[in-house]
Amino acid sequence: MKKRDERPLRPPRMISGSNLFLAFIGALFLICASVVLVLHLRTIYYFDIGYLNLKEETGMSRSEIRENYDALIDYNLVYKGIDKLEFPSFPMSESGEIHFAEVKRIFVAIQWLFLITGVFTVLGLIRKIPRRDFGSLKLISILTLLIPAVLGILAALNWEQFFVTFHRLFFNNDYWIFNPMTDPVIRILPDTFFAHCAAAVLFFLVLGSLLTGALYRILVPRRGSAEAPVGRKRR
């Protein structure tokens with residue numbers, strides 16, 4: 001009696017509608033996660049206080065500079081629930097207050113997107129486990145790596161132009177151009193610090209891309225490494 005060949009199931013297609021959608025959601029999650037992580041990573045600014053000589057530039061103590069920066073960060077965190085920004089040491093103009101409120105709306109949106117896309121990414125990957133359809137992981141890795149590559153090149157070529165273009169894209173006014181006389185807080189927020197934050201975001205994006213790529217390699221064996229088909233025909 002002949003026994004049917006037992007052939008391995010055909011692997012799922014990597015390029016599919018569901019994988020492309022999940023890749024977009026996953027890449028958006030990694031982008032938001034990188035921004036939220038850097039927002040919480042206050043050590044970048046604490047390092048820059050000394051590295052950029054902010055004490056000498058402003059005539060303020062290190063603890064006073066940190067206190068004002070912490071007030072700004074706390075204002076932008078959803079779970080802190082702070083509705084009005086108040087600096088311990090600085091006055092603030094009406095246009096400055098409007099700009100910081102606009103910045104907060106962006107950060108709040110990113111924090112909510114981080115949570116929402118994170119849930120959808122995890123649920124989407126879990127749903128694909130029974131079919132061992134992990135192509136979306138590779139697509140997430142590729143898509144996430146393209147973003148820092150393009151943005152990193154643009155920022156490296158001309159950081160000042162990149163900085164200005166970024167603000168013009170996200171704000172429909174010029175309130176982001178601070179006058180140190182009316183909004184002295186700008187003295188403790190030099191452009192170089194924002195460049196360091198942008199570099200940190202790009203670093204975490206690259207790291208996220210490498211991790212998702214590594215996870216794909218672990219879950220999906222390379223061709224030729226899978227077990228040979230079993231159940232050859234017998235006479």
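Beyond residues up to four places away in sequence, Phe194 touches Trp159, Phe163 and Leu189. The model is predicted, and within it Phe194 belongs to helix α8. Phe194 is classed as partly exposed because its relative accessibility is 30%, a value between the limits of 20% and 50%.

The secondary structure of the chain consists of eight helices and zero strands, and the order of elements from the N terminus is accordingly written α-α-α-α-α-α-α-α. Of the 235 residues in the chain, 38% are buried. Among contacts with a separation of 6 or more, 78% involve residues 24 or more positions apart.

Helix α6 spans residues 135-157 and contains 23 residues. The distance from its first C-alpha to its last is 34 Å, close to the 33 Å expected at 1.5 Å a residue. The buried residues of α6 are Gly135, Ser136, Leu137, Leu139, Ile140, Ser141, Thr144, Pro148, Gly152 and Ala155. These buried positions pack against four helices, namely α1 (17-40), α5 (94-128), α7 (159-170) and α8 (191-219).

Two of these partners, α1 and α5, also pack against each other, with their axes 8 Å apart and at an angle of about 140°. The pair is therefore described as oblique, since angles count as roughly antiparallel over 145 degrees and as roughly perpendicular from 65 to 115. The crossing of α1 and α5 is left-handed. On the α1 side, the residues that meet α5 include Ser18, Asn19, Leu22, Ile25, Gly26, Leu28 and Phe29, together with Cys32, Ala33, Val35, Val36 and Leu39. The α5 side contributes, among others, Phe107, Ile110, Gln111, Leu113, Phe114 and Thr117, as well as Gly118, Phe120, Thr121, Gly124, Leu125 and Lys128.

Cys32, one of the α1 residues that meet α5, is buried because its relative accessible area is 4%, under the limit of 20%. Cys197 likewise counts as buried because its relative accessibility is 17%. With a disulfide taken as a pair of cysteine sulfur atoms within 2.5 Å, the count comes to zero disulfides.

Key: Residues numbered from 1 in each chain as written. Predicted model: local features only at pLDDT ≥ 70, side-chain atom pairs only at ≥ 80, totals over all residues. Heavy atoms only, no water. Buried < 20%, exposed > 50% of the residue type's maximum accessible area, 1.4 Å probe, protein only. Helix = DSSP H or I, 4+ residues; strand = E, 2+ residues; numbered from the N terminus. Expected span 1.5 Å × (residues − 1). Contact = heavy atoms within 4.5 Å. Axes fitted to C-alpha atoms, helices over the stretch in contact; angles between N-to-C directions. Parallel < 35°, antiparallel > 145°, perpendicular 65-115°, else oblique. Left-handed = near helix turned anticlockwise from the far one by under 90°.
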